[in-house]
Each structure stands twice: as C-alpha cells, then as structure tokens.
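Good morning, and thank you for making time for this item. I would like to go through the strand pairing and the helix packing in turn.

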Amino acid sequence: MTERALRLGTRRSKLAMAQSGHVADAVRELTGRPVELVEITTYGDVSREHLAQIGGTGVFVAALRDALLAGEVDFAVHSLKDLPTAQHPELALAAIPKREDPRDVLIARDGLTLATLPDGARVGTGSPRRMAQLNAYARSHGLRIETVPIRGNIDTRVGYVHKGELDAVVLAAAGLNRIGGTAELTGSLSLDFLSVDSVLPAPGQGALAIECAASAVELVAALGALDDPHTRAAVTAERSLLAALEAGCSAPVGALADLLAEESGRGQIVTEMRLRGVVGTTDGSTLVQLSTTGPVPTSNDEATALGRELAHEMLAKGAAGLMGERAL
C-alpha cells in the first residue's frame with residue numbers, strides 16, 4: 001500500500017513555489033514518499049501596504065502556521081527572514097538547509113552599478129534596512145539618491161526598471177538564483193551583487209526554514225536530515241541579534257554571520273565565526289555598525305549568546321533610538 005502523500009504548505013508566489021519545489025524534491029528522495037504542494041495565501045501576499053506599515057513580522061507565515069496547526073498540511077517552507085524570532089511552542093523548526101547567497105543585488109539600467117549610480121538616481125526597495133544602508137553609502141560617496149518604496153513579486157519589481165520608472169531596484173540574490181531564468185527576467189539590465197561590506201543582508205537572508213508540528217516526531221526526525229549545522233549556527237546568531245534588539249523583520253537591521261576558515265594539510269578548517277550587525281535611520285544619516293568574532297558555536301545556546309552580546313554592544317552605542325518603533 002502506498003503511503004499518503006506528505007502535504008507541503010507554501011505561499012503561492014513564483015519564488016515560494018520554486019523554493020518549496022526544491023524542498024519537495026529533497027523530501028521525496030529522503031523519505032521515498034510522494035510530496036504534494038498545498039498553496040496558501042498569506043496576509044502579506046494580499047495586502048498592498050508597505051511591509052513597514054503592516055508590521056512585517058510574521059505577515060508571510062501566519063497563514064502557513066495556522067494550516068500546520070489545523071493539520072491541513074504536514075510541513076511548511078518559509079524564507080527564514082520572514083519568520084518571527086520567537087519559536088512557536090507547538091511547532092518545530094525541523095531543518096534549515098544550506099544557505100543560498102545571502103547578498104543583495106542591484107538590478108539597474110544601462111550597465112549601472114552601486115558605484116556608478118548617477119546623482120539623483122531613483123532606487124526601488126521595500127526594505128527599510130536596504131534604504132538605510134544605500135542612503136548611508138550614497139552620503140559617504142557625496143551622492144544623492146532617492147530610495148523609493150516598492151512592493152510586488154520579483155517580476156513586478158524588475159519591471160519598474162525595464163519601464164524606466166526607476167533607475168535600479170535592490171532584491172535578494174537568493175530569490176533570483178532560486179527562480180532561475182535570470183537572463184530572461186533581467187534582459188539587458190545589469191546585475192551588481194552588493195558587497196556585504198557596503199550592505200549587510202537581513203538576518204537569515206538566503207536561508208529557508210522547514211517547519212512542522214512538534215508532535216510529529218517521526219517527521220521532525222526525517223526532515224532533520226536536510227539541516228545544515230553551519231547555516232543553522234550562523235542564522236541563529238543573526239536572529240538572536242535581531243531579537244535582542246527587540247526589532248521585527250521590517251526594522252532597519254542587517255546582520256551576517258560568516259565562518260572564517262584556515263588552510264591546513266587537510267584543506268580548509270573552519271575556526272571562528274564573525275558576526276556583523278548594523279542598525280540605521282532610513283535616510284542613512286546615522287548608522288551603528290559593529291562586529292564580533294568568536295569560536296564557531298557548537299550549540300544553539302552559544303550561537304544565541306553571540307548574537308545577544310553584539311546586540312547589547314549596539315544598544316550601548318545608541319541602536320535603540322535608530323529603529324523607529326520598537327516591538328512591545
């Protein structure tokens with residue numbers, strides 16, 4: 001007798017479907033069971049308000065979590081950066097697979113890059129974090145740019161540049177990579193992958209979260225085979241920093257933990273983890289940017305402590321006053 005298909009809850013967007021499709025393939029291979037995608041519309045998908053207005057935190061995941069709790073789906077795939085930092089008591093974060101490219105990418109007309117944007121360039125992004133860092137970059141280079149708030153899927157955002165309404169837009173590189181067909185989407189537009197020294201990504205950017213009911217012990221164990229320990233340690237530190245700043249995922253906070261490796265006779269050996277964080281005003285006039293380096297965390301608690309420690313240093317340097325509304 002064939003086993004019942006596992007139901008994977010996913011948002012309906014092209015990117016979400018592509019991400020969930022990759023995970024579905026991996027789960028089929030892992031378990032030998034069929035996997036079917038169940039499309040779910042979230043509040044974040046239907047609201048036309050800007051993310052900063054609707055709160056950002058959880059707007060893309062609440063409906064998926066409701067479906068999990070109601071037993072309508074067996075597991076769900078989220079972009080990790082959309083997930084609230086507090087773990088839901090009845091759900092398990094069963095796996096965080098190996099992370100895609102965490103960087104942001106500038107998609108621009110006429111071969112432009114971040115370094116060659118003209119004075120007065122109009123750059124579209126829905127993210128206060130990107131606005132803060134892009135405006136800070138422009139200020140430090142004696143440049144004036146206008147960051148324009150935009151919403152919509154990848155095609156819609158890139159369309160603003162194709163139609164000449166904006167000079168450039170900034171998106172997550174991971175999203176572009178996952179949907180494939182970048183050449184068809186961007187056509188003659190140029191792609192400038194932004195150095196994390198100029199623009200730090202959102203905490204958890206480029207990583208996926210696979211969530212299921214904590215009570216589904218066998219499924220939690222099976223999905224755990226897709227977990228990447230280094231990615232989990234890095235994003236746990238980043239999200240711990242975000243949580244300790246008491247900021248939601250629409251706050252102007254960037255963070256990236258990367259692993260530092262040394263060459264040895266046996267190849268590269270990972271020795272330390274560096275965590276960088278930034279908080280800024282959206283006009284880029286003030287940024288608090290700090291980093292810390294420590295041993296590679298060997299537990300969730302150690303990764304959490306690294307993030308919390310850096311957040312406290314940033315708060316001592318005035319980060320709290322730069323985030324606008326603090327989550328209560």
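The model is a predicted one. The strands in question are β3, residues 75-79, and β10, residues 208-213, which pair in the antiparallel sense over five bridges.

Where do these strands sit in the sheet? They belong to an open sheet of five strands with mixed pairing, in the order β2-β1-β3-β10-β4. At the edges stand β2 (35-40) and β4 (91-95); each has a single partner strand, so one side of each is left without a neighbour in the sheet. On average, and ignoring direction, neighbouring strands of this sheet are turned by 35 degrees against each other.

Helix α1, residues 14-31, lies across β1 (6-11), β2, β3 and β10, and runs at about 160 degrees to β1.

I turn now to a hairpin. Strands β12 (residues 267-280) and β13 (residues 287-295) pair in the antiparallel sense over nine bridges, and Leu275 stands opposite Thr292 in β13. Six residues lie between the two strands of this hairpin, where Gly284 takes a positive phi near 75 degrees.

Finally, the helices α10 (residues 229-244) and α11 (residues 300-316). Their axes come within 7 Å and cross at roughly 40 degrees; α10 and α11 are therefore oblique to each other. The crossing is right-handed. The residues of this contact comprise 10 nonpolar, five polar and one charged. Among those that meet are Ala233, Ala237 and Leu241 in α10, with Ala303, Leu310 and Met314 among their counterparts in α11.

Thank you for your attention.

Notes:
Residues numbered from 1 in each chain as written. Predicted model: local features only at pLDDT ≥ 70, side-chain atom pairs only at ≥ 80, totals over all residues. Heavy atoms only, no water. Axes fitted to C-alpha atoms, helices over the stretch in contact; angles between N-to-C directions. Helix = DSSP H or I, 4+ residues; strand = E, 2+ residues; numbered from the N terminus. Parallel < 35°, antiparallel > 145°, perpendicular 65-115°, else oblique. Left-handed = near helix turned anticlockwise from the far one by under 90°. Contact = heavy atoms within 4.5 Å. Nonpolar A, V, L, I, M, F, W, Y, C, P; charged D, E, K, R; others polar. Pairing = 2+ DSSP bridges.
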